[in-house]
Amino acid sequence: MSLALSSLYIGPMEQLTPPRVSNDQAPDTIAASELLEPARLEALMADFSARYPGGDRRALVSLWTKWHFAAVTSTSLAANLLLERDLPLGLNELRLILAPEGHIAGLCLKNEGRPLAELDGPGRFATLIDDHLTPLVEGLAACSGASPRVFWSNAGNYFEHFTQAVPMHPMASANTAEPAQQLLASRKLADGRRNPLCQPVRYLNAANDDGDGGAPKRVRRLCCIRYLIDELGYCGNCPLECREERASKGASAR
């Protein structure tokens, strides 16, 4: 790994797995483009779903993508915002490190990327959105039967999470996260297309037992449908659970 990329894994990123930088096709890696092959995805899901027998396929694939999107968005955002570098994240360029359980454990980059061609506006995230997320989401939706919105929501959830973490990085300046914040707030991409990463989460006012305002609760706008796996139920940011809680509180108050 380059000194520049290795320097990122401190502060809020110290618990994350740094990417490899290598052109070798190591036995524990696969080409990212293989995720678009139904047979290859089926094999990965067979390993991953073994711990959740009988789980809904849509929910299993959605859950599986959380490891993937966490690795991709954390690495991409750190390089983009802190180093102003565009990493080679296209599905035809990237290799993925596999965990024994079948989910993604990290990224294997063919090189250290290049300086961003555009620093202003959503265009600086074009490689991530157009070359990686868009074709992958379309492929996952076709293979799983889940809505593309579920996968975009998963990706957006981690994009927003790491956008919030970047300002705490020792290498960050006051406005480092601003481009990502602007993307999350924008309904349109640079070319006028709908922005699928727009506002993936909300922060709702909470009340404690004394009726005073508590810390805002981070809630996803769209459910990841993991509740369809009996062993798991709702995630901690589930909008469905939040609605049930608010409805219950409203009923008890009447």
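**Exercise 1. What is the handedness of the crossing in which α3 passes α5?**

Solution. The structure is a predicted model. Start with the geometry of the pair: α3 and α5 pack with their axes 8 Å apart, at an angle of about 40°. The crossing in which α3 passes α5 is right-handed.

Next, identify the residues that make the contact. On α3 they include Val 61, Thr 65, Phe 69, Ala 70 and Leu 77. On α5 they include Val 150, Phe 151, Ala 155, Phe 159 and Phe 162. Finally, sort the residues of this contact by class: 10 are nonpolar, six polar and one charged.

**Exercise 2. Determine how α4 is oriented relative to α5, and describe their contact.**

Solution. Helix α4 covers residues 126–144 and helix α5 covers residues 148–165. Their axes come within 8 Å and cross at roughly 140°. The crossing of α4 and α5 is right-handed.

The contact draws on Leu 128, Ile 129, Leu 133, Thr 134, Val 137, Leu 140, Ala 141 and Ser 144 from α4. From α5 it draws on Pro 148, Phe 151, Trp 152, Ala 155 and Phe 159. By class, the contact of α4 with α5 comprises 11 nonpolar and two polar residues, with no charged ones.

**Exercise 3. Which helix has the lowest confidence, and which the highest?**

Solution. Begin with the protein as a whole: its mean pLDDT is 90, and 91% of its residues reach 70 or more. Confidence is lowest in helix α7 (residues 239–253), where the mean is 57, and highest in α5, at 97. Then examine residues 249–254, over which the pLDDT is below 50. Beyond near neighbours in sequence, this stretch has one contact in the model.

Technical notes:
Residues are numbered from 1 along each chain as its sequence is written. This is a predicted model: local features need pLDDT of at least 70, side-chain atom pairs count only at pLDDT 80 or more; totals for chains, interfaces and linings use all residues. Side-chain values use heavy atoms; hydrogens and water are left out. Axes are lines fitted to C-alpha atoms, for helices over the stretch in contact, and angles run from 0 to 180 degrees between N-to-C directions. Helices (H or I, at least four residues) and strands (E, at least two) are DSSP runs, numbered from the N terminus. A crossing is left-handed if the near helix is turned anticlockwise from the far one by less than a right angle, and right-handed if clockwise. Contact means heavy atoms within 4.5 Å. Ala, Val, Leu, Ile, Met, Phe, Trp, Tyr, Cys and Pro count as nonpolar, Asp, Glu, Lys and Arg as charged, and the others, Gly among them, as polar. pLDDT is the predictor's confidence in each residue, from 0 to 100.
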